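Hi everyone, thanks for making time. Please have the structure open on your screens, and we'll walk through it together.

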Amino acid sequence: MKRVKRSWTDLVAVDALEPNWVTRVSLGRRLIAVYDAPSGIYASLALCNHGGSDLCDGYFDGHVIECPLHQGAFDVRDGKPVCAPATRPMRVFETRVENGMVQIRV
């Protein structure tokens, strides 16, 4: 099985993030939610895998994002669901900050 090498991609300037909140960023045709959490910066696909709603419109508290459509919630650090009706993990990306830019590994 061939392993695909994933590379770091600039996503958004750290200064452009909503402090302690969620910022919507476009990466090509993908919408990415970037979370400014107490322990760091995290990123996921912006659309909830349960109902397709935009997580950037949800309520964010600490490390948990709540979907605005059905109030299912996920831990942004690992994508695991923490509240029904969400049952599957959301897609998260590895992040880092380099030269003032948030980067994700894709």
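Which side chain makes a polar contact of 2.8 Å with the side chain of Gln 103? It belongs to Asp 10. Before going further, some housekeeping: this is a predicted model, where local features need pLDDT of at least 70, side-chain atom pairs count only at pLDDT 80 or more, and totals for chains, interfaces and linings use all residues. Residues are numbered from 1 along each chain as its sequence is written, and side-chain values use heavy atoms, with hydrogens and water left out.

By polar contact I mean a pair of N or O atoms within 3.5 Å; within protein, one must be able to donate a hydrogen and the other to accept it, and residues adjacent in sequence count only if both atoms are side-chain atoms. Gln 103 has another such partner, because its side chain also joins that of Arg 96 at 2.6 Å. You'll find Gln 103 in strand β11 (residues 101–105). Strands here are DSSP runs of E, at least two residues long, numbered from the N terminus. Gln 103 is buried, at 10% relative accessibility. Buried means under 20% relative accessible area, exposed over 50%, and partly exposed in between, with a 1.4 Å probe and protein chains only.

Next stop, Thr 23. This residue sits in strand β2 (residues 22–27) and is buried at 11% relative accessibility. The Thr 23 side chain reaches the backbone nitrogen of Glu 18 at 2.9 Å. If we skip neighbours within four places in sequence, its contacts (heavy atoms within 4.5 Å) include Ile 32, Val 34 and Cys 56.

Now the strands around it. β2 runs antiparallel to β3 (residues 30–37), with six bridges joining them; strands pair if DSSP finds at least two bridges between them.

Asn 20 has a positive phi near 60°; it is exposed, at 56%, in the loop between β1 (8–13) and β2. Gln 71 also has a positive phi, about 65°, and is partly exposed at 37%. Then there is a cis peptide bond between Ala 84 and Pro 85, with omega about 10°.

Last, charges. How many salt bridges are there? Counting a side-chain nitrogen of Lys or Arg within 4 Å of a carboxyl oxygen of Asp or Glu, there are four. Arg 24 pairs with Asp 57, the closest N and O atoms being 3.0 Å apart. That pair links distant parts of the chain, with Arg 24 in β2 and Asp 57 in the loop between β4 and β5 (59–61), 33 residues apart. Arg 24 is partly exposed at 40%, while Asp 57 is exposed at 53%. Together with Asp 54, these two are linked in a network of salt bridges. Arg 77 and Asp 75 come together at 2.8 Å, and here Asp 75 is buried at 11%, whereas Arg 77 is partly exposed at 44%.

Note on methods: Helix = DSSP H or I, 4+ residues; strand = E, 2+ residues; numbered from the N terminus.
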